[in-house]
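Subject: Structure for you to look at

Hello,

Here is the structure I promised. Please open it alongside this email.

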Protein chains: 2
Amino acid sequence: MELNHSFPTTAASLGPFFHPRSIAVLGASSDPAKIGGRPLRYLQMARYEGRILPINPERATVQGLPAYRDISNVEGEVDLAIVAVPAKAVPNAVRACVEKGAKAAIIFSAGFAEAGVEGERLQTELTNTAAGKIRLLGPNCLGTISTGNGVYATFASSIVDELPTKGRFSLASQSGALGAHCMVLALDRGLGINMWGTTGNQVDVDISDFLEYMVDDADTDVVLACLEGVRNPQRMIGAFERARRNRKPVVLLKVGRSEVGAAAVASHTASLAGSDAVFDAVLREHHVHRARSLDELFDVAYACSFGRYPKSRRTGLLTVSGGGGILMADVAEEARLDVAPMPEAAQAEMKALLPFAGTRNPVDVTAQVINQPEIVEPMFNSLLRDGGYDSGLAFFAYVGRAEAMMNTMTAGLENVGRANPEKFLAISALTTPAIRTKFEKAGFAVFEDPSRAVFATAALARFHESFESVDNSAAEPVHSGRSEIDLERGRTLSEHESRIAMRAAGLPVVPEHLVGSSSEAANAARQVGFPVVMKIVSRDIQHKSEIGGVILDVADENATAAAFGTLMERARAAAPAAHIDGVLVSPMIKGGVEMILGISRDAVFGPIVMVGLGGIFVEVFKDVAFGKAPLDIRQARAMLRGLKGHALLKGARGRPRADEEALLQAMVVLSDFAATHADIIDSIDINPLLVLPEGSGVVALDALVTTLPQRQAQ
Amino acid sequence: MELNHSFPTTAASLGPFFHPRSIAVLGASSDPAKIGGRPLRYLQMARYEGRILPINPERATVQGLPAYRDISNVEGEVDLAIVAVPAKAVPNAVRACVEKGAKAAIIFSAGFAEAGVEGERLQTELTNTAAGKIRLLGPNCLGTISTGNGVYATFASSIVDELPTKGRFSLASQSGALGAHCMVLALDRGLGINMWGTTGNQVDVDISDFLEYMVDDADTDVVLACLEGVRNPQRMIGAFERARRNRKPVVLLKVGRSEVGAAAVASHTASLAGSDAVFDAVLREHHVHRARSLDELFDVAYACSFGRYPKSRRTGLLTVSGGGGILMADVAEEARLDVAPMPEAAQAEMKALLPFAGTRNPVDVTAQVINQPEIVEPMFNSLLRDGGYDSGLAFFAYVGRAEAMMNTMTAGLENVGRANPEKFLAISALTTPAIRTKFEKAGFAVFEDPSRAVFATAALARFHESFESVDNSAAEPVHSGRSEIDLERGRTLSEHESRIAMRAAGLPVVPEHLVGSSSEAANAARQVGFPVVMKIVSRDIQHKSEIGGVILDVADENATAAAFGTLMERARAAAPAAHIDGVLVSPMIKGGVEMILGISRDAVFGPIVMVGLGGIFVEVFKDVAFGKAPLDIRQARAMLRGLKGHALLKGARGRPRADEEALLQAMVVLSDFAATHADIIDSIDINPLLVLPEGSGVVALDALVTTLPQRQAQ
């Protein structure tokens, strides 16, 4: 669907959703439990200091506030209008907002594109009414919150008697219900909220807009997001990169990973889910933590709240239970943390403190801690100091419920926290609420489950790596310019034309000659060099090899001439009526690693590079990596390293090392070509691409380029 | 270490640990917080009805109970003795227990094998004192509990003011601290405990003993286990299989999966961890749910507590939030549940009830539920009835905190629970404790996190499959008897002898002839059939192919004679001083799928069959499956199906289907040979084993058998 409207895309225009000086509520209700009543109640609970302007043609006051018949009656400016009227009345309400000069409107009402044909029509009308005149949030959304200034432009039923705690987390959610659920989860975890916004049907403002706004907000340290699809991938990626530069972690839950899930997304919000593997690759590339569950989303968010990002993956483990320590070590290895052992000398010092202790790492203080809770401080300090770990995790099992013992221990833990202000510290224990608070005040994140503590630690270490790896000098990839060859939408390229296109794009393609006689064949073979491969060419013969239409390893001129005759005979025998174009002669290239390299189109991210080892690797193991075009060398390298079969390029099984640099170059060149011609190319399939031994380059043996269908006249 | 003692292994002899009529406490303390004081306190708290016999030479009464100077002074029988004296005094204390005729003893004391050389000596003394005379639990353990009769033979500090709830879960843990932690987790989750036992250093009673006892206990429905190593694999497997036959799920957490973890296990309890991949394979084979975290252990345990094991993987999802429903669908696909859509007609009926609803599956009742909580009952009933699902999961987000609304809804949910007594039902929601209890009483398991609800559902469905797949007719695998070939420990087998051994074992091995002249070569080739492969044989030439010492595809007698000469020349040229044994002639076998098949020894489970696709599959992808020898056909088949590369046997990429039945037969035959000769064979490596097209069998091209070193004289 090509939309014929436009909204501004500057972050500044989103200000009125979070910092309005006045809020009008169209459809304001006296019932504080109704959709049109809730925001009035919340705004008053939150002591919002701007003007609250209930619009209700039938009442002089609503919930104790003077009401207006119509938004046009309001004196002074309206920054934000909340629209809580039936769907059919929404376009007129928005028109009135535009006429009043309101800067932004939130449409709570449902019954639009998510609700069938009539709803779709209404949504189009709404869009046309608003486009370019007002920023629009929704419809079918739960609105926004900005706790710092009491803005509760929402009817979220998750707020009952308690407003969210103020804090430095901001959350953007496409789904209103999940967004509201996350608000409660944040409250449960003690995470304070700064901004909160839900986008619903996203006729204008979408998740990318909110992310852009939040990552640059001075009062936001951590950004959380829940989404189903991506509408504006370039801007979302831009927001991810700004977040990294600002050293703000982004933790994201995207649903619709599965086939059933993706189908449900499509029917639920009419968003394109795109390929999940591609989305995954994009998030990895931009260092966003993708949570697979709500628990994980909030485990990582909670860990971020301590603002201590470990400077390395080296982690020290302390435990009161041998089994618990081993469990943490297992998970640490799985999470790719480094459970390096303590230096021998430091171990000896620990043994002097506590003779029964395990001192390697995990450090096991044993049940002795029950008799000697004061031992934890020197042991933990020694672990962190002498082990050189950048994070420290302790498993205290159920001992955290024993208040008296814990009071002794927490005094020591406070010292540990103070002595290690830059290290991420966590305790896994069952606790009482009071003990939990004490641990947290001492600077320790508290997790009941030790595995979850370990996984969250690993996530923080990755964020640190991400912040440190920002390369401000990274130039935009250089485009090689439009291809001079004849590429247009709707025009099918033959194999031969595909090869020409690839060669023009800068990819080494094996030379081949189409010949019509024995002598031409011999000439061509001499030209490309022996031995050669010869193939029959006929659009009427699909599976050449089945009829013996391919002859390999033809050694000299005589053999070439003979092979020409054999191929023609076989073709005539197998398909007497076939039109024969001739025979292709190309050099026989031996050795090298067979790869496939291709371009496909993702519904969200456009041209995507796919690379994998050829044959069974792709077909049986699905061992492929994706990356958004265009790629730079660094991105291409990361893709190759992600392949399970990468070892084969490195020369596994006594093979020569393959020319990986040439492969990277080919990936970059192809990705650049695909990005430059993104409006024409549908897919490219280079299979196989032979990666020859180091220094010998790569060569494409086959290529097929398909183009997009012609544009329909509007 | 060969132990020269023996203990009985009958389950009945474990009775006194859980059902003693009298309990003596050696080292009984007046201080109820001390190790020797806690059991007296707990036994009295639990109103244990048997005799409690404190043994203390210095006091007439201990914690209000009449005390004895010495266990010999006790009148009448002592069923169970608790020994809580310093490690050095333990052997004498146990001797006194034996003399008194006590049936069982629990050693709380630490300071044995886990604590260095002197501790090891003490442990040996303890073992020798007890062997054959008394059942021994520990040392270095937390003892046992049997809630039904008030037996608290433990000093677990996890019991403070509250005893564990009585119930139908039994738990065996090697680690005392993890066992105690699990006791608290069970209490937190409302799971009642029947028996609880920790095994510590396991000089006699081990985890396998407790599992055997628990799976046959009439008051136990679900068995949980935490362990670090396996000492008695055969009996543990026997217990798993009895559990299955008794339709009792076993949920197990084994730590020491990782390299660091396994090293920590070795130093912590001196248990052999064995290979984790092998342990994993054994658990899968015997349908034990292996939890990867404590959360998962208790998620599955809690789900089991409802006793509703879904009869199929078909699951119906209901949600108040589109996003939440999609999230559940994603996880369901990952967990291999079947989120099949509702029939069209039933969807239409649902639409009639709630026009905005999503009705496919997930069924989305939308936020409308807030206004119309009574809608949940008919929607949920229709889902379960018309969709034919055997489990039903609902996501109510934070709505479960709204008590008033929930009271309406729970009335409906009670009806749903009653109408579907055999289906597993779960609700994912944030709730108040009161609402949670109401949901549970209505028959719904309650999980805060929707992903965890889905994973637990999948675990229950697998348990149902496991219970149903018990094959009572399964005979013991038939052993083919000892090999008649010359196999003995410490004797190295050459390649040639290895082949003979494999042929004797019943495995098809490619024939080969060692020849010393051109004419012998031609004769041999005629005998095995053309074309042939010829290889130089010399112990002085390691890498035959590098000197051109292998010639493939030799077509006829003349070529054979010539090749013989060529090989001899090349060998002489490359290594003039080499001793040449001759030339091997074997048939050239083309086609087929290259596999590797082998035997290795696991420290715990003994001979293990390993199978995988050859070459890069093994080396790069580590795509191999393990199974304990001997295997039956069914087990062998499950192994093959577990291979990612299995599709290649099925004829991927246009290849012919491979002779999988012959491969299965080869696996069974080899496994049988390895099991029969487990006392001699160290490893077998058949690489490659060619699996020929269907009907053509398999053939081993190479084999290498290694034997165990000779036994040292004691």
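Predicted model: local features only at pLDDT ≥ 70, side-chain atom pairs only at ≥ 80, totals over all residues.

**The contact between the chains**

Chain A gives 62 residues to the contact, and chain B gives 62 residues. On the side of chain A that touches chain B, the elements giving two or more residues are α5 (176-188), α8 (259-269), α10 (294-304), α11 (322-334), α16 (450-468) and α20 (616-619) of chain A. The largest share comes from α11(A), with 10 residues. By class, this side of chain A has 30 nonpolar, 20 polar and 12 charged residues.

**A four-stranded sheet in chain B**

Next, look at the open sheet of four strands in chain B. Its order is β20-β23-β21-β22, and the pairing is antiparallel. The edges are β20 (513-515) and β22 (550-554) of chain B, each of which pairs on one side only. Neighbouring strands are turned by 25° against each other on average, direction ignored.

Three bridges join β21(B) to β22(B), and the two run antiparallel. Within that pair, B:Val532 has B:Val554 as its bridge partner.

How many residues of β21(B) are buried? Six of its six. Both faces are covered. B:Val532, B:Met534 and B:Ile536 are buried on one side, and B:Val533, B:Lys535 and B:Val537 on the other. Note that B:Lys535 is among the buried residues.

Helix α19 (residues 518-528) of chain B lies across β20, β21, β22 and β23 (582-587) of chain B. The helix runs at about 20° to β23(B).

**Helix α23 of chain B**

Last, α23 (residues 660-676) of chain B. This helix has 17 residues. From first C-alpha to last, α23(B) reaches 24 Å, close to the 24 Å expected at 1.5 Å a residue.

The buried residues of α23(B) are B:Leu663, B:Leu664, B:Ala666, B:Met667, B:Val668, B:Leu670, B:Ser671, B:Asp672, B:Phe673, B:Ala674 and B:Ala675. What do they pack against? Their partners are α18 (495-505), β24 (593-602), β25 (606-613), α22 (633-641), β27 (681-691) and β28 (698-700) of chain B.

Best wishes

Definitions and conventions
Residues numbered from 1 in each chain as written. Chains lettered and ligands numbered in written order. Contact = placed C-beta atoms within 7 Å. Nonpolar A, V, L, I, M, F, W, Y, C, P; charged D, E, K, R; others polar. Expected span 1.5 Å × (residues − 1). Buried ≥ 20, exposed ≤ 12 C-beta atoms within 10 Å, placed from the backbone. Pairing = 2+ DSSP bridges. Axes fitted to C-alpha atoms, helices over the stretch in contact; angles between N-to-C directions.
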